[in-house]
Each structure stands twice: as structure tokens, then as C-alpha cells.
Amino acid sequence: DAAEGIVEKLAVGPDDLVKQASTDFNTKNQAEAGPKAMPADSNAPKHVFRQKGDSSLKQELKNLLDEDTWAEDNIWEMAVNKGKQDVLNEAGLPTGAEIVETGHPYTGSMPRREVRIDGAKNLTVHFASSCCTSSDRSTFQILAGGLEITASGPGACVEVPAPGDARLHGVVVERTGVPGKYRWRVRLDGRPKEPAAAENTGGGESKADGGNEAAEKEGPIDYSWPTKGSTVEALYVNGHWYKATVSEVREELDWYSGCKVPASYVLNWSDGEAKDCEKRRDQIRKPLAATAPSCVEEIPRYGRVVQTDGDCWAICHENPKIVPVAYGEESDTENGGSTVGSEIGSFILDRSCPLTPISIGSFAGAGPAQEQGIEEGWFLDIPKTFRQASASSKQKFAEILAGLGGIEPCVEGATNGQVSAHLSRLLDAAFDDIEQFVARLN
């Protein structure tokens with residue numbers, strides 16, 4: 001009510017006033033031009049103006065409200081909320097409904113908005129007739145934020161957390177189990193099909209796919225970059241790109257120009273890897289900007305497991321458990337203890353579940369895994385297993401995976417950091433050939 005009174009005081013009637021337009025831009029008194037009274041039936045354009053010399057909105061608010069309680073932003077927020085409620089009332093929508101809109105215009109990044117109506121068993125969405133997107137490729141999704149046990153079921157759109165801080169979208173197809181042990185089977189959304197778009201193959205830092213090298217091959221090679229000290233991405237023997245720094249540029253004589261040109265580049269890999277350190281110019285590129293995966297195909301490593309045909313699934317447990325199992329060096333068969341091989345009979349592969357592709361197929365005997373409640377069907381987190389292994393275990397893993405992706409054995413006398421880097425690259429190659437990887441595990 002106070003706002004309406006202020007508007008009436010600060011503005012003159014729209015039906016009686018128009019702007020006094022001046023075509024003389026050199027007139028010094030142009031800024032002094034004010035509203036001019038016109039007949040109500042005039043055909044001139046109508047505008048509303050604040051009366052010249054009158055008070056400002058800020059001053060009027062101070063006059064109406066106590067200075068201690070006056071807050072201009074709060075007043076505007078209250079006025080906007082009142083306006084929204086008027087819209088809801090006119091539409092006949094119930095109390096508690098919310099108006100949701102994006103910025104205008106919205107930016108290129110994906111806008112997100114969380115809406116929660118406490119006590120509601122379901123949500124009904126009404127679209128304004130003027131709703132639209134900026135292009136026919138834009139998409140709009142409504143997701144169930146956090147599974148409400150009593151309300152979620154088949155058909156619910158959900159968001160699934162994935163490696164690399166990715167958030168994948170999917171639809172619940174089935175919910176099984178009993179309270180406290182529910183399990184959701186979620187069909188994951190695939191990559192949107194864009195005919196002319198180059199595919200991101202989702203491996204390691206990124207899998208070799210031509211990238212900017214194809215563009216470079218169209219013209220003469222630019223030998224001005226890289227130079228010694230340049231940060232680059234280089235193609236490793238396993239077909240993945242990794243960050244490195246140029247430590248030396250080796251030159252050779254170009255017979256055609258009679259000048260020396262770079263022939264190869266010696267690299268220091270950023271992760272400490274000691275193998276495959278000399279590259280040609282076409283095996284080096286400028287570092288690509290990091291982007292958040294939008295679908296499972298774009299997630300490093302796991303994207304390589306995705307089937308070319310068929311659906312991708314995620315199995316989501318109501319109360320997921322992570323159980324670490326240690327097989328110590330002193331616990332071996334010679335001392336009567338358990339090893340991985342003496343307890344785990346087999347691992348099995350399911351490419352339809354790319355986020356959890358490897359699980360326990362059978363047990364060969366008793367052991368610490370079963371003592372902690374692990375059963376057949378539990379998934380094996382390979383990256384975390386390798387990452388948290390002891391130095392001696394990492395060396396053994398590297399020996400088991402040696403040769404995958406054409407990677408030679410780790411250099412003799414390698415440091416712990418170099419072994420870890422080497423094992424990480426072997427793991428990238430392992431996800432490229434997941435069947436061979438599981439065969440070696442078994």
C-alpha cells in the first residue's frame with residue numbers, strides 16, 4: 001500500500017502526459033525539458049515521468065518508514081513477491097505455489113533452480129504461454145532433487161553423482177528391496193546426438209581423436225610454438241593426452257629451406273611419468289580447457305566402457321556401503337593366510353553399468369571380504385583400489401597390467417611417484433580394453 005501511494009506521488013498520470021521531444025541536440029536547455037500536458041484523446045505516444053524536482057523513491061520511503069527499519073532492497077523484494085502472488089491468485093493457483101523463471105536473457109551456462117514445497121506429495125508444473133528457449137537445441141529438464149523414499153518410484157527423473165564430480169541425469173525404471181535396503185535401477189541419459197559434432201571419447205586426460213591437430217595439418221606447421229618451458233598436452237603411447245612441460249627442443253636441418261627447424265621435443269610429464277618422453281610436433285597440442293562431463297560417455301575412463309548399442313544403467317542403493325578390504329603382506333598362502341586369489345573366485349564384467357562395470361562373480365574360499373559382509377555382486381572400485389594401494393602393491397599391479405595399451409614396464413628403480421603415474425596410465429589403457437583387464441584380474 002505504501003508503495004502504491006509513493007508511485008502516485010512521484011508519477012503523473014500516463015493518460016495526460018507525453019514527453020516533450022526536442023530535435024535540437026545542441027540546445028543547452030534540452031535537459032530541462034519536462035512533461036507537457038496533452039489532451040487525453042491525443043494520438044501522441046504516452047509515457048510516465050516523475051515530476052521534475054519532486055522527491056525520490058528513497059526519500060519517500062524514509063518519510064513513510066522509521067529510519068531504523070528502512071531497507072530499500074527489502075521493500076523491493078516485498079513488492080516483487082506481492083506482484084508474483086497477485087499473478088498466482090489471478091491464475092487460480094493454490095497458496096504456496098511458486099513462480100520459477102530464468103534470467104533474461106539467460107547465459108550459456110546451464111541455469112539451475114531448486115524448488116521445494118514442504119509437505120507436498122507431488123509437484124504440478126504450469127507453463128506460461130510465453131515460455132520459450134533461445135534455440136531449438138535447448139533443453140529443459142525437471143529432476144527429483146534427492147530421492148524421497150515415500151514418493152519416488154518408476155518414472156522419476158533423478159540426478160546420479162558420478163566420478164569426476166559429474167552429475168548424470170536419468171529415469172528410475174525399477175525400485176526393489178525392502179525399507180532400508182531399497183535399490184533403484186536408473187536408466188542414464190545418453191549423449192545428445194549432434195550430426196556434425198566430434199565425439200569426446202572420454203578417456204584419461206582425453207583420448208586421441210584428431211582434435212586441433214586436424215586443423216593444424218591443413219596449413220604449414222607452426223614451429224614458433226612450443227618452446228622450451230611451454231606447457232603442453234602430449235600424446236602418450238596408450239593413445240591418451242597428458243599434460244607436460246617442454247624441457248628441450250631438438251632441431252634438424254631442413255634440406256628445402258636450409259634452416260634448422262624443431263625435429264622433436266623432450267618432455268617432463270606433469271605426473272612424473274618417466275617413459276615415452278620424446279614427441280614430434282604433431283603429437284603435441286595446446287592444453288584443452290576442462291569441461292564438466294554432461295553424460296556418461298564424457299567421463300574419463302568410464303566413458304570407454306559404454307556399449308555402442310543398448311541402454312546404460314546405474315544401480316543406486318538407498319544406503320550404499322564402502323568396505324575396504326586389506327590383504328597384508330604377512331597374510332599369504334605360505335603362512336596360511338588369505339590372498340585376493342584364495343578368496344575371490346572370479347570377477348565379472350557388465351558393460352551396461354559403465355559406472356560400476358566390475359563386480360565379484362564368485363568366491364573361492366573364506367576370507368576377510370566375506371567376514372565384513374561383502375557378497376557376490378558387490379562392485380569393485382578399481383581406481384580407488386589402485387590409488388590407495390601400498391607402494392609394493394602398486395608395483396605388483398603394474399606388473400599384472402604391463403603391456404596394456406603398448407605401455408612398457410616401469411623403469412627400474414622408479415620412485416613411488418613414478419610408479420603411481422605409470423599405473424594410472426596403465427589403468428587408462430585398461431579401461432580401453434576392459435575385457436582384457438578383467439581377464440588379467442582373474
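1. Ser 264 is buried, at 9% relative accessibility; here buried means under 20% relative accessible area, exposed over 50%, and partly exposed in between, with a 1.4 Å probe and protein chains only. Please keep in mind that this is a predicted model, in which local features need pLDDT of at least 70, side-chain atom pairs count only at pLDDT 80 or more, and totals for chains, interfaces and linings use all residues. Residues are numbered from 1 along each chain as its sequence is written, and side-chain values use heavy atoms, with hydrogens and water left out.

2. The place of Ser 264 is strand S8, residues 260–269. Helices (H or I, at least four residues) and strands (E, at least two) are DSSP runs numbered from the N terminus. Leaving aside residues up to four places away in sequence, Ser 264 touches Glu 248, Val 249, Arg 250, Glu 278 and Lys 279, where contact means heavy atoms within 4.5 Å.

3. With one of these neighbours, Glu 278, the side chain of Ser 264 makes a polar contact of 2.7 Å. A polar contact is a pair of N or O atoms within 3.5 Å; within protein, one must be able to donate a hydrogen and the other to accept it, and residues adjacent in sequence count only if both atoms are side-chain atoms.

4. Glu 278 also forms a salt bridge with Arg 250, with the closest N and O atoms 2.9 Å apart. Because Glu 278 belongs to strand S9 (residues 278–279) and Arg 250 to strand S7 (residues 241–253), the pair ties together parts that are 28 residues apart in sequence. A salt bridge is a side-chain nitrogen of Lys or Arg within 4 Å of a carboxyl oxygen of Asp or Glu. Glu 278 is partly exposed at 40% relative accessible area, and Arg 250 is partly exposed at 36%.

5. The structure holds 13 salt bridges in total. Another of them joins the side chains of Arg 280 and Asp 282, at 3.1 Å from N to O. Arg 280 is partly exposed, with a relative accessible area of 46%, and Asp 282 is partly exposed too, with 33%.

6. Do have a look at the salt bridge between the side chains of Arg 301 and Asp 428, at 2.6 Å from N to O. This pair links distant parts of the chain, 127 residues apart: Arg 301 is in the loop between strand S10 (284–285) and strand S11 (313–317), while Asp 428 is in helix H9 (residues 416–432). Arg 301 counts as buried at 16% relative accessibility, and Asp 428 is buried at 3% relative accessible area. Elsewhere, salt bridges that share partners join Glu 248, Arg 250 and Glu 278 into one network.

7. Arg 281 sits in the loop between S9 and S10 and is buried, with a relative accessible area of 10%. Polar atoms of the Arg 281 side chain lie 3.1 Å from the backbone oxygen of Trp 225 and 3.1 Å from the backbone oxygen of Ile 284.

8. On the surface, Val 100, Val 115, Ile 117 and Leu 123 form a nonpolar patch with about 310 Å² of accessible area together. Patches are made of residues with over 30% relative accessible area and no salt bridge, like charges being joined within 9 Å and nonpolar side chains (Val, Leu, Ile, Met, Phe, Trp, Tyr) within 5 Å. Leu 123 lies in the loop between helix H3 (72–90) and strand S3 (157–162), and Leu 123 is exposed, at 55% relative accessible area.

Definitions and conventions: Accessible areas come from the Shrake-Rupley method with a 1.4 Å probe; for residues, only the protein chains shown count as cover.
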